[in-house]
Structure formats: structure tokens, C-alpha cells
Amino acid sequence: MTLREVKEILEAEVIVGEDQLEKEVKTAFSADLMSDVLAFATAGSLLLTGVTNPQVVRTAEILDIAAIVMVRGKWPSQETIQLARELRIPILSTRYILFETSGKLHARGISGCIEKVGGKTDAGRTI
Amino acid sequence: MPEERYDGRFDVEGGNFRNAGQVSSKIKNILKDIGCSSDIVRRAAIVTYEAEINIVSYARKGQIHLLAEPDLVRICVDDEGPGIADIELAMQEGYSTAPAFVREMGFGAGMGLANMKKYSNDFEISSVVDVGTQVKMIINRSEG
């Protein structure tokens with residue numbers, strides 16, 4: 001699915017990355033805790049979150065996250081927008097709550113980065 | 001086989017959330033440039049970022065020493081700060097002494113040290129109260 005389709009499904013506004021809407025995404029991770037994002041999210045995924053500070057962009061950069069979707073109508077601070085522009089990480093904002101946002105995307109074929117914890121990663125480490 | 005090496009030190013300022021993560025970004029790009037695999041780059045970036053967030057959250061200042069060899073990446077983190085009185089307790093997932101402003105950023109849930117250990121092949125931590133904390137993490141490049 002492209003970011004453009006994500007935008008349409010979530011009736012989202014594109015705050016950063018209008019020029020990157022053809023980017024493809026297949027997986028997503030939903031969380032407000034950045035340490036959990038660092039623990040479980042995979043490269044190329046969407047990050048669905050209610051966190052709006054610059055740390056969410058840094059976390060996305062560290063993990064090569066494809067785009068950030070801010071839920072519950074959250075809007076990033078000017079500092080967050082600036083950093084996202086600099087690092088070329090798209091930010092969308094949707095008025096749907098995290099549960100609905102995740103559900104709508106899942107129903108259209110986006111799957112979770114991982115299904116549940118306690119399994120093994122590719123490198124054989126327990127997660 | 002990756003052949004290139006790197007040896008460098010980076011200063012991190014305590015309390016400066018504006019720049020939190022900058023050193024981790026730098027380290028991520030350096031490791032990418034010297035030919036580390038994406039899995040190694042990712043693991044090194046995650047552990048460095050958690051360590052950097054810890055310095056910014058708790059310490060006065062700190063230094064991150066990155067050493068990349070053909071077979072491993074070593075990240076040593078050394079801070080001047082309050083130290084950790086009970087390391088065993090601090091290592092437990094969910095235990096945290098983080099103040100509200102750290103939690104508001106999406107951190108401080110007691111996952112940082114556990115994440116660092118999880119993504120390293122070798123993890124060592126030592127601390128002296130009122131002096132500082134040292135963390136040494138090794139990631140084997142052969143796994144990537």
C-alpha cells in the first residue's frame with residue numbers, strides 16, 4: 001500500500017512528506033512508548049503513535065521507519081516538523097483513535113511488524 | 001567481508017533533549033558507511049540511542065566511544081552523574097526512576113537497559129553512586 005492510500009483510508013492530513021506519498025508500506029507498529037518502538041518496530045514500517053515531540057522523529061530515523069502517523073488528531077510541534085523535514089520522514093495526522101487507525105489499516109492488508117512477543121528474530125535472538 | 005574500521009568518541013550533554021539522538025544518528029551513518037550490514041547498523045543504533053537518552057535524562061554529561069573492527073562493533077558509554085545504586089533492580093524491565101519530562105517523550109518506562117542488553121551480544125554495566133555509570137556493549141558483526 002502507498003502512503004497516499006494510507007492517507008485516504010485514514011482521512012489524514014500530510015504534514016511533512018507530500019512528495020513521498022508513492023512510498024510503499026506493508027507493515028506497521030502502534031505504540032506511545034518509544035522504547036517499545038525501538039524494541040519491536042522494523043525498518044520500512046509505519047509508526048502509529050500519539051507522541052508528537054521530536055523524539056518520535058529521532059526514533060523513526062534510528063529504525064528507518066517509512067512514515068509516522070499521529071493519531072487522535074495529534075499535531076507535531078514546530079520543532080518536530082522541522083526535524084522531520086530535515087530527515088525526510090513523512091508525518092501524517094489522523095483524527096481516528098489508535099485502535100481504529102490500526103484496525104482500518106489491518107483490514108486493508110497492512111500487518112504488524114511482529115504478531116506477538118516471545119518469538120525469535122531472524123538472527124535467532126529472543127524478542 | 002566488511003574490512004573497514006572506525007574509532008571515535010562523541011560527547012553527549014546531559015539535560016539537552018533538543019539534541020538527544022544526534023550522536024546515535026551519526027553513529028548509525030558511520031557504521032553504514034564502513035559497510036556494516038543493516039541488521040548490525042540497526043542494533044548498534046538502537047543500543048546507542050537508548051544509552052544517549054539515558055545520559056540526557058539522568059547524567060550531567062557523557063561520552064560514547066564507538067569502535068568498529070572487522071568482527072565486532074563495540075560501544076562504550078561513560079557518564080558523569082548520579083550513578084545507579086542497585087543495578088540488578090535497574091535492569092528489571094519496568095523499573096524506572098525517570099521524571100515526568102522523560103516519560104512525556106515516550107521514554108522512562110524501564111525498558112532502556114533491557115533493550116541495550118537484548119540487542120547486544122555482550123553487555124556489561126558498572127556504576128558508582130554520585131560518580132557515574134559505564135556501559136560496554138559488543139555486537140558481533142558475523143551475525144549480520
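Two residues are in contact if their C-beta atoms, placed from the backbone, lie within 7 Å. Please bear in mind throughout that this is a predicted model.

With that rule in hand, select chain A and chain B together and look at where they meet: 19 residues of chain B are in contact with 17 residues of chain A. On the chain B side, helix 1 (22-33), helix 2 and helix 5 (112-119) each supply at least two of the residues that touch chain A, and helix 2 of chain B gives the largest share, six residues. Sorted by class, the residues on this side of chain B comprise eight nonpolar, six polar and five charged.

Chain B contains five helices and five strands, and if you follow the chain from the N terminus, its elements come in the order β-α-α-β-β-α-α-α-β-β. The C-alpha trace of chain B spans about 45 × 30 × 25 Å along its principal axes. A compact globule with 144 residues would have a radius of gyration near 15 Å, and chain B, which has 15 Å, therefore agrees with that expectation. Of the 144 residues in chain B, 40% are buried, and among the contacts in chain B with a separation of 6 or more, 66% join residues 24 or more positions apart.

Leaving aside neighbours within four places in sequence, the contacts of Ile89(A) include Val16(A), Val57(A), Ala60(A), Ile65(A) and Ala84(A).

For the last stop, select helix 3 (residues 54-63) and helix 4 (residues 78-87) of chain A, whose axes come within 8 Å and cross at roughly 20°. Because angles under 35 degrees count as roughly parallel, helix 3 of chain A and helix 4 of chain A are roughly parallel to each other. Pro54(A), Val56(A), Val57(A) and Glu61(A) in helix 3 of chain A meet Glu79(A), Thr80(A), Leu83(A), Ala84(A) and Leu87(A) in helix 4 of chain A. By class, this contact between helix 3 and helix 4 of chain A has six nonpolar, one polar and two charged residues.

Conventions. Residues numbered from 1 in each chain as written. Chains lettered and ligands numbered in written order. Predicted model: local features only at pLDDT ≥ 70, side-chain atom pairs only at ≥ 80, totals over all residues. Axes fitted to C-alpha atoms, helices over the stretch in contact; angles between N-to-C directions. Helix = DSSP H or I, 4+ residues; strand = E, 2+ residues; numbered from the N terminus. Parallel < 35°, antiparallel > 145°, perpendicular 65-115°, else oblique. Nonpolar A, V, L, I, M, F, W, Y, C, P; charged D, E, K, R; others polar. Rg over C-alpha atoms; globule rule 2.2 N^0.38 Å. Buried ≥ 20, exposed ≤ 12 C-beta atoms within 10 Å, placed from the backbone.
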